[in-house]
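This report describes a single protein chain, shown below with its sequence.

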Amino acid sequence: MTRTLCALTLAAATLAGLLGIPASARADTAPDDRYTPIPALDLPRYMGTWYEVAKYPNRFQRDCVRDTRATYTLQPQGTVEVRNQCTRADGSVNEAVGQARRADAQPDGARLEVRFAPAWLSFLPFVWGDYWVLDLDPDYTLSAVGEPSGNYLWILSRTPQVDPARYQALLGRLAARGIDVQRLETSPQDAP
């Protein structure tokens with residue numbers, strides 16, 4: 001039985017790596033206070049489409065050259081369908097569908113976990129990556145999302161183009177927390 005479980009775990013880890021799923025940082029990295037999530041998140045209000053304005057470069061998005069977005073849909077059981085898509089250099093669309101869930105017992109907590117591995121692997125903790133809402137404007141139109149190790153950061157907007165003053169204000173809030181905003185690279189949006 002142990003050999004079978006080890007083989008399954010290895011296969012799942014290999015699959016997660018092939019799919020480009022970032023492993024959760026919780027297992028090997030202590031949380032960094034700079035990356036504390038917002039105190040409360042109204043999950044139904046957060047649903048809908050968010051356009052990627054900027055991100056820390058990462059290997060699982062290396063083929064995305066423009067029009068990166070995420071659409072979140074609340075499911076009846078309280079989980080969230082996550083549909084990420086982007087356009088590649090050849091014009092084809094890359095899409096990944098996953099699931100998110102709250103990571104703690106707080107009914108309004110902003111610590112979520114997301115997975116893009118098949119549902120049958122969801123019992124394995126390492127297929128879930130942290131998705132923490134670090135900053136969110138009162139109108140739920142501009143957001144910063146990351147995870148506790150600080151390896152990943154995304155700036156998301158409800159619209160493809162963001163008012164430069166609002167964007168700079170968000171960057172200022174992140175920088176004041178000690179988050180390295182110089183690592184961010186802009187994500188082009190051709191959408192209107």
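Cys-64 and Cys-86 are both buried, where buried means under 20% relative accessible area, exposed means over 50%, and partly exposed lies in between (1.4 Å probe, protein chains only). The model is a predicted one, in which local features need pLDDT of at least 70 and side-chain atom pairs count only at pLDDT 80 or more, while totals for chains, interfaces and linings use all residues. Residues are numbered from 1 along each chain as its sequence is written, and side-chain values use heavy atoms, with hydrogens and water left out.

Cys-64 and Cys-86 are joined by a disulfide, with an S to S distance of 2.1 Å; the term stands for a pair of cysteine sulfur atoms within 2.5 Å. Cys-64 sits in the loop between β1 (48–55) and β2 (66–74) and Cys-86 in strand β3 (residues 80–87), so the bond ties together parts that are 22 residues apart in sequence. The link of Cys-64 and Cys-86 is left-handed, with -65 degrees about the S-S bond. A search of the whole structure finds one disulfide.

The protein chain has three helices and nine strands. Helices (H or I, at least four residues) and strands (E, at least two) are DSSP runs, numbered from the N terminus. Along the sequence the order is α-α-β-β-β-β-β-β-β-β-α-β. The protein chain has 192 residues, of which 44% count as buried. Contact means heavy atoms within 4.5 Å. Among contacts in the protein chain between residues at least 6 apart in sequence, 56% join residues at least 24 apart.

| Residue | Location | Relative accessible area |
|---|---|---|
| Leu-43 | helix α2 | 6% |
| Asp-67 | strand β2 | 12% |
| Gln-99 | strand β4 (residues 93–102) | 18% |
| Tyr-140 | loop between β6 and β7 | 10% |

Asp-67 has a positive phi, near 55 degrees, in a residue other than glycine. Tyr-140 also has a positive phi near 55 degrees and is likewise not a glycine.

Which side chains make polar contacts with the side chain of Gln-99? A polar contact is a pair of N or O atoms within 3.5 Å; within protein, one must be able to donate a hydrogen and the other to accept it, and residues adjacent in sequence count only if both atoms are side-chain atoms. The side chain of Thr-79 is one partner, at 3.2 Å, and that of Arg-115 is another, at 2.8 Å. Beyond its neighbours within four places in sequence, Gln-99 is in contact with residues including Val-80, Val-82, Glu-113 and Trp-128.

Leu-43 and Val-80 are 37 residues apart along the chain, and their C-alpha atoms are separated by 9.1 Å.

A nonpolar core is a set of buried Ala, Val, Leu, Ile, Met, Phe, Trp, Tyr and Cys residues joined through side-chain atoms within 4.5 Å. The largest one has 21 residues, and those with the most contacts inside it are Leu-41, Tyr-46, Tyr-72, Tyr-131, Val-133, Leu-136 and Leu-156. Two or more residues come from each of α2 (43–46), β2, β3, β5 (111–115), β6 and β8. β6 gives the largest share of this core, three residues. Not counting residues up to four places away in sequence, Tyr-131 touches, among others, Tyr-46, Tyr-72, Leu-112, Val-145 and Leu-156. A second, separate core has 18 residues, including Val-53, Leu-134, Ile-155 and Ile-179.

Helix α3 (residues 164–176) has 13 residues, which at 1.5 Å a residue should span 18 Å; its end C-alpha atoms are 18 Å apart, in agreement. The expected span is 1.5 Å times one less than the number of residues in the helix. The buried residues of α3 are Tyr-167, Leu-170, Leu-171 and Leu-174. They cover an arc of only 100 degrees around the axis, so they lie on the same side of α3; the arc is that of the directions from the helix axis to the C-beta atoms. These buried residues pack against β1, β6 (129–136), β7 (142–146) and β8 (153–157). Exposed residues Ala-165 and Ala-176 are on the face of α3 turned away from its buried side. Gly-178 follows α3 and has a positive phi, near 95 degrees.
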